[in-house]
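Here is a brisk report on helix geometry, helix packing and a few backbone features. Please look over the sequence and the model first.

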Amino acid sequence: MRFEGKVAIVTGGASGIGRATALRLAAEGATVVMGDIDAEGGAALAAEGGGRIHFRPTDVTAEADIVALVAAAQELGGPHLLFNNAGAGGLRAPIDEIDLAGWDRTMALLLSSVALGIRHAAPAMTALGGGAIVNTASVAALAAGAAPTAYSVAKAGVRHLTRMAAADLARHRIRVNAVLPGFITTNIFASAMELTGTVRDTANAMIAQAASNAQPIRRAGRAEDIAAAVCFLLSDDASFITGTDLLVDGGLSVGPRHSW
Ligand code: NAD
């Protein structure tokens, strides 16, 4: 029960990594305020949370929604913890084919949202004597082959924003770290291709198989693998860790396993 008495904000918890993390935080004693644009998934999570998870409809690209999410956590006595995680695939184009509107939308969703989350949660955490923040970046922050250009640049921005925020906020006893998932089986890829139903399930299975073939630990990454890392970074077990990024990628970034 590492999070007994803590109030945590989680964004993008209606699905995938955010959902697994919200459930684990609640299972370890936290009260969770979860913000997502998916009202149906948010309500389902809250129902599963046994009274410990509160859903608040939130678009992380809207500053007023983030302010309201923080206020909801304040009403519950927090926030002590923040997981900036909401995201989607973003603009799919090489740099010589981007359009500015698509580029800006991707940055708003994946990078500015994280800055705004920190901007508005940090003063509330400071008033409580400190806190911990984790931001979801990606292996795409490091490697060119993992995702489209706009997404990868935004995630690289999240990685450096994490360092800057760690430096800025240490004086308020707020730690800020990033998690860099490899390929994790969630709906993010199918959503980017607008696939649903059984086609989506088939695509998810094919992506999981291809990803696990490319990494030394030959199994698909699970949302729970990321949730475990996020909860470590949010917990007092990581009390001397700030400004770091934790790769959770089955070894993808060290290259494929060879048979010799
Ligand atoms: P997912 O699609 O399962 O979950 C993403 C959630 O974010 C959804 O519930 C969605 O409704 C929500 N969301 C999207 N836009 C939003 C907005 N404007 N406001 C509020 N909520 C919004 O995907 P996931 O894989 O769990 O992705 C979570 C995070 O992990 C994302 O930031 C993603 O970029 C990152 N990530 C995922 C992988 C992977 O392999 N799945 C790898 C690296 C990084």
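How many residues does helix 1 have, and what does it reach from its first C-alpha to its last? Helix 1 (residues 16-27) has 12 residues and reaches 17 Å, close to the 16 Å expected at 1.5 Å a residue. The expected span is 1.5 Å times one less than the number of residues. Helices (H or I, at least four residues) and strands (E, at least two) are DSSP runs, numbered from the N terminus.

This is a predicted model, in which local features need pLDDT of at least 70, side-chain atom pairs count only at pLDDT 80 or more, and totals for chains, interfaces and linings use all residues. Residues are numbered from 1 along each chain as its sequence is written.

**Helix 1**

Helix 1 is mostly covered, with 11 of its 12 residues buried. Buried means 20 or more other C-beta atoms within 10 Å of the residue's own; exposed means 12 or fewer, and partly exposed lies in between, with C-beta atoms placed from the backbone. The buried residues include Arg19 and Arg24, along with Ile17, Leu23 and Leu25. After helix 1 comes Gly29, whose phi is positive, near 105°.

**Helix 3**

Helix 3 (residues 63-75) has 13 residues, which at 1.5 Å a residue should span 18 Å. Its end C-alpha atoms are 19 Å apart, which agrees. Ile66, Leu69, Val70, Ala72 and Ala73 are the buried residues of helix 3. They cover an arc of only 155° around the axis, so they sit on the same side of helix 3. That arc is taken from the directions from the helix axis to the C-beta atoms. Exposed Ala64 and Glu75 are on the face turned away from the buried side.

What do the buried residues of helix 3 pack against? Their partners are strand 1 (7-11), strand 2 (31-36), strand 3 (53-57) and helix 4 (100-127). Contact here means C-beta atoms, placed from the backbone, within 7 Å.

**Helix pairs**

Two packed helices are described by the angle between their axes and the distance between the axes. Axes are lines fitted to C-alpha atoms, for helices over the stretch in contact, and angles run from 0 to 180 degrees between N-to-C directions.

| Pair | Axis angle | Axis distance |
|---|---|---|
| Helix 1 and helix 8 (residues 223-234) | about 55° | 8 Å |
| Helix 3 and helix 4 | about 30° | 9 Å |
| Helix 4 and helix 5 (residues 149-169) | roughly 15° | within 9 Å |

Angles under 35 degrees count as roughly parallel, over 145 as roughly antiparallel, 65 to 115 as roughly perpendicular and the rest as oblique. Helix 1 and helix 8 are therefore oblique to each other. Helix 1 passes helix 8 in a right-handed crossing. The contact involves, among others, Ile17, Ala20 and Arg24 of helix 1 and Ala223, Ala227 and Val230 of helix 8. A crossing is right-handed if the near helix is turned clockwise from the far one by less than a right angle, and left-handed if anticlockwise.

Helix 3 and helix 4 are roughly parallel to each other. Their crossing is right-handed. Glu63, Ile66, Val67, Val70 and Gln74 of helix 3 meet Leu116, Gly117, His120, Ala121 and Ala124 of helix 4.

Helix 4 and helix 5 are also roughly parallel to each other. The crossing of helix 4 and helix 5 is right-handed.

**Ala121**

Is Ala121 buried or exposed? Ala121 lies in helix 4. It counts as buried, with 26 C-beta neighbours inside 10 Å. Not counting residues up to four places away in sequence, Ala121 touches Ile9, Val70, Pro79, Leu82 and Ile133.

**Backbone features**

Just after helix 3, Gly77 has a positive phi of about 100°. The peptide bond from Gly78 to Pro79 is cis, with omega near 0°. Pro79 is in the loop between helix 3 and strand 4 (81-84).

Arg173 is not a glycine, yet its phi is positive, about 60°. Arg173 lies in the loop between helix 5 and strand 6 (174-181). It is partly exposed, with 14 other C-beta atoms within 10 Å.

Glu194, also not a glycine, has a positive phi of about 55°. Its loop runs between helix 6 (188-192) and helix 7 (197-213). Glu194 is exposed, with 8 other C-beta atoms within 10 Å.

How values were computed. Two residues are in contact if their C-beta atoms, placed from the backbone, lie within 7 Å.
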